[in-house]
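Here is a short note for a colleague who has not seen this structure before. Please read it with the model open.

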Amino acid sequence: LDGWEREGAMYYLYDINADGIEDLLVGTEVADGPFIYYDFHVYSCEKQAGSYILNPIRGSVAAIGPRISEDGDGLYSNNISRGTGDVEIFRITIKDNELVTGSVERVMKLGTSEYEAFNEANPTIEWISISDRSALETGE
């Protein structure tokens, strides 16, 4: 995590590529008008000689409220239209060692029961301050 120790940097552990080993998401919060984006990079973790090494995944993503996908395939994010209230849902995955943002998979309206059900089924990432390393301890 060297180089990320600036004010506001955060991380989260999540198996974004479904290989059985949590990946490390590291980024910052960025305000853009009424929306908060999380601009983040991903590092895959590889067990080696009793510890883990980090391998950077190419690319980065700026996403509104990244969510853990209920089907376990990557993360969800969204675009919100301030004019219409439309919410476009898209997926963030790793393909060929690169962070990839997919096309729109679903469109909903803000405030609808469909939107609320989606939010309940796909919880937001609970980012951790980079200064708090407790979630990184493996106990080995």
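The points below go from the basis of the model to its fold, surface and cores.

1. This is a predicted model, in which local features need pLDDT of at least 70 and side-chain atom pairs count only at pLDDT 80 or more, while totals for chains, interfaces and linings use all residues. Residues are numbered from 1 along each chain as its sequence is written, and side-chain values use heavy atoms, leaving out hydrogens and water.

2. The protein chain has one helix and nine strands, taken as DSSP runs (H or I, at least four residues, for helices; E, at least two, for strands) and numbered from the N terminus. From that end the order is β-β-β-β-β-β-β-β-α-β. The radius of gyration is 16 Å, close to the 14 Å that the globule rule gives for 140 residues, so the chain is as compact as a globular protein of that length. The radius is taken over C-alpha atoms, and the rule is 2.2 Å times the number of residues to the power 0.38.

3. Buried residues (under 20% relative accessible area, 1.4 Å probe, protein chains only) make up 37% of the 140 residues.

4. The largest nonpolar core has 19 residues, and Leu25, Phe40, Ile92 and Leu99 have the most contacts inside it. Such a core is a set of buried Ala, Val, Leu, Ile, Met, Phe, Trp, Tyr and Cys residues joined through side-chain atoms within 4.5 Å. Strand 1 (9-14), strand 3 (35-48), strand 5 (61-68) and strand 7 (86-95) each supply at least two of its residues.

5. Apart from this core lies another, of seven residues, including Leu13 and Ile130.

Methods:
Buried < 20%, exposed > 50% of the residue type's maximum accessible area, 1.4 Å probe, protein only.
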